[in-house]
Amino acid sequence: MAIARQVLCLSAFLSLAHARSQPLRYSVAEEGESGSVVANVGEDAGLAPAQLSVRRARLASEDGRQHFRLERGTGRLVVAERLDREELCGQAATCTLPFELVLANPLQFLRVEVTVQDINDHAPVFPEEQVTFKIPETSNPGSRFPLVGARDLDIGSNSIQTYRISPENEYFSISFGNRIKGKKYVELVLEKPLDREEQSEMGFSLIAMDGGSPPRSGNTQIRIVVLDVNDNSPVFLQELYVAHILENAPEGSIILSVVATDLDEGPNGDISYQFSQAVSESDSAFLIDPVSGEIKLTKPLDFETAENHELNVQATDGGGLSAICKVLVEVVDVNDNAPELVVSTFSSLLPENALPGTVVALFAVRDRDSGANGKISCALEDQLSFSLRPAYKNYYELVTVSELDREETAQYILSVTAADAGSPPLTTTQTFTVDISDMNDNAPVFNQTSYTMYVRENNVPTVLVGAVSAVDADVGPNAKVTYSLALVNPTKQPPCSCISVNSENGDVFVLQPLDYEQVKQIDILVSASDAGSPALSANVTVRLVVVDENDNAPLVLYPSQDSSPPSSELVPMSSEAGYLVTKVVAVDADSGQNSWLSYHLLRATDPGLFVVGAQSGEVRLRRPVTERDAVKQKLVILVRDNGQPPLSATASLSALLLSDFSDVRLSHSSLATDDEGDSLTMYLIISLVFVSLLFLASMAAFVTLKVCKRKELKSGHVLYSAGNLQSSLADAGAAGTLPHPCCYEISLTTGSGNSEFKFLKPILPSLPPQHCTMGRGPDDEQDFPHGPLTLEDVAASNPGMLSAEQFNSLSFK
């Protein structure tokens, strides 16, 4: 009840206007004896000792503790009990004890503040009596090894000022200074390389000295063990770990985990965690897992007793190397009132072309707590398009900060969190749902950069060959897409009228049959437009490829089928199997496999005598020619393509089997394919005999007859008898009408009824007769791949003929 009355009186005093505005300030050294005089308060306040007694002067403090006593008779302020600054204020830079001097009749109070001055009454104390370092001999000079510094409860110059090693040695020195948040560090610095073989262990004292007068000191023993390997010390991810924990957190709560890494492998890389031995008993409230580094509570914390705890965690690897980090545990006072958020205005629908800075919502925040727990901050979570802008006092505006895109985000769910400054902070979250209205700002986009469609030639009209498809990222009418044909070049002719596009679904139709042989592909431009205002559009190229159908039969180029009778080929009776008779050449207007041609022997006078190359069209002898084979051979070659179904054409040709060139007998029936052909052949034979006789008579007559012959033969065909030809040449040689070696070119086109005999200019006298050739003409060289036709055997068996050497000088081209 007495304390309650004191509090009520103090509250009344605080409400009086007679209170002194400036307090009376004094200072006193700690550890002063009870009764030590601090100052004369009555004199400083202008009050005589009698007034102090009459007005019942007394001292009153807020916490009810009386550290000082007032002597009313003298007005002096004396120490009531021994003052310990460390107990009263801990490590605070200043230690001030405030109280009130209360007077009655009339009621009056004076503010008095006494600062307790620190004296050097505490010596530095190390947490451990001995510290062991296991240092690899490979450590480089300059390597630093952290030490847990000594603690001195004094402050200012009375606290620790320096460290030194005793006795001094050449290997190590001490580094001392401030690092994080004014925290001091002590490190052992290697000055000279270690040699385990020379000295495997050493020891010395580390002495901490404060700045008091006289100075006080504390020491710990340093033991150095030199290791052979393990050249990497553990390294903490952070030098300082800060954790916040509620003062009402239950036992076993995990505060945080410290993590250290070691580049070594095996046992040298295995890290264990432990607390460095600390002076403060409050550290016993924590427990660290040696493997995981988790720090847990072992007993409840008290915010009023200690607002924070500083822990030193040492990480040691398997080789003995260690590192130390600091863990600062801040005890958080309980905050039991969450902020309130009151919305004044809110627009839930925004156009996507809204300008940056458009206000979406206006709201106010408030918190019934006071101090830090009542200080509110607002934050907008995970948003780049919106932000919060302070308006006035505790009002905020939710505004846009960038252009909006409905196609990217059609709806925004904005979470505004109001948090107070309590520890931990209490929060209130308000959700704003903002819908974005569409604008026509996106053109249609085709699902392909270009299209290729295929249609078979000879298609039916209005056949569907494919479809184009485009989508518009907008919605509603702005997304409705229609298709149309567009001009590739506005200055050119309109799009092809044979192709049409469905405006609704993009189906592409071919309106009329196409012919692959006339057009192989058609390129058109298709446009997709939306229904927005103004409309947006996009174009895409569609390539229509006409697929070939097998609608063209093969066309025989050689032998020509227009002549009547068909052309004849000369085949010597001495030809062996495989002899090339001729080659059928055909083409197909189709493409691909529809134009792959194969050749087959359809009919022949003697089917077993000839064979046709299926791929090349070459007609060759299957076996050697015999006397029993008919002189006139007729063949029908089938040329077929590879289409489905296949188309074909036939080529008719004839072959003359020549036994020799001196006695070739061609029966009239075999040559008489028609009346006109027989008469022309007989006429040409008679003309040839006549020309040969004239040639023996005179060279001039021969030339004249040759000119006439050429004029006659322009409209007909001639077939020369090999026997007559050879006998004529032999007679001419015997008559001596050929003074110089000459070449005679004999063009024979059997079956055609038209032949030509040419007399060439004399060659040089030194030119051997072997250079003279007799052939069928330069255009037929490919039909005789085996070279000149040799008639040595024929000449040998007919003495009246030219000699073999002379006859061999003639060859068929």
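Q: What share of the protein chain is buried, and what makes a residue buried?
A: Of the 813 residues in the protein chain, 41% are buried. Buried means under 20% relative accessible area, exposed means over 50%, and partly exposed lies in between (1.4 Å probe, protein chains only). This is a predicted model: local features need pLDDT of at least 70 and side-chain atom pairs count only at pLDDT 80 or more, while totals for chains, interfaces and linings use all residues. Residues are numbered from 1 along each chain as its sequence is written, and side-chain values use heavy atoms, with hydrogens and water left out.

Q: Why is Phe286 called buried?
A: Its relative accessibility is 5%. The limit is under 20%, so Phe286 counts as buried.

Q: Where does Phe286 sit, and what is Phe286 in contact with?
A: Phe286 belongs to strand 20 (residues 286-288). Contact means heavy atoms within 4.5 Å. Neighbours within four places in sequence are left aside; the partners of Phe286 then include Ile255, Phe275, Leu301, His309 and Val329.

Q: What share of the contacts joins residues 24 or more positions apart?
A: Among contacts in the protein chain with a separation of 6 or more, that share is 68%.

Q: How do you know that Cys89 and Cys95 form a disulfide?
A: A disulfide is a pair of cysteine sulfur atoms within 2.5 Å. Here the sulfur atoms are 1.9 Å apart, so the pair qualifies. A search of the whole structure finds one disulfide.

Q: Why is the disulfide of Cys89 and Cys95 called right-handed?
A: The torsion about its S-S bond is about 65°, so the disulfide is right-handed.

Q: Why is Cys378 called buried?
A: Its relative accessible area is 18%. That value is under 20%, so Cys378 counts as buried. Cys325, at 1%, counts as buried too.

Q: What makes the pair of Phe446 and Tyr451 edge-to-face?
A: Rings of Phe, Tyr and Trp (its six-membered ring) pair if their centres lie within 6.5 Å; planes under 30 degrees apart count as stacked, over 60 as edge-to-face and the rest as tilted. The centres of Phe446 and Tyr451 are 6.3 Å apart, so the rings pair. Their planes stand at 75°, so the pair is edge-to-face. Both Phe446 and Tyr451 are buried.

Q: How many aromatic pairs does a search of the whole structure find?
A: The search finds 12. Ring pairs also link Phe346, Phe363, Tyr396 and Phe432 into a cluster.

Q: How do you know that Lys520 lies over the face of Tyr516?
A: A charge sits over a ring if NZ of Lys or CZ of Arg is within 6 Å of the ring centre and within 35 degrees of the ring normal. Lys520 is 4.8 Å from the ring centre of Tyr516 and lies over its face.

Q: What makes a run of residues a strand or a helix, and how many are there?
A: Both are DSSP runs, numbered from the N terminus: helices are H or I with at least four residues, strands are E with at least two. The protein chain has 10 helices and 51 strands.

Q: How do you know that strand 48 and strand 49 pair?
A: Two strands pair if DSSP finds at least two bridges between them. Strand 48 (residues 632-640) and strand 49 (residues 648-658) have nine bridges, in the antiparallel sense. In one of them, Lys632 partners Leu656 in strand 49.

Q: What makes strand 42 and strand 45 edge strands?
A: The open sheet has four strands in the order 42-49-48-45, with mixed pairing. Strand 42 (568-572) and strand 45 (598-604) each pair on one side only.

Q: Which strands pair with strand 26?
A: Strand 24 (residues 340-346) pairs antiparallel with strand 26 (residues 359-366) over six bridges. Glu340 has Arg366 as its bridge partner in strand 26, and Leu362 stands opposite Glu397 in strand 29.
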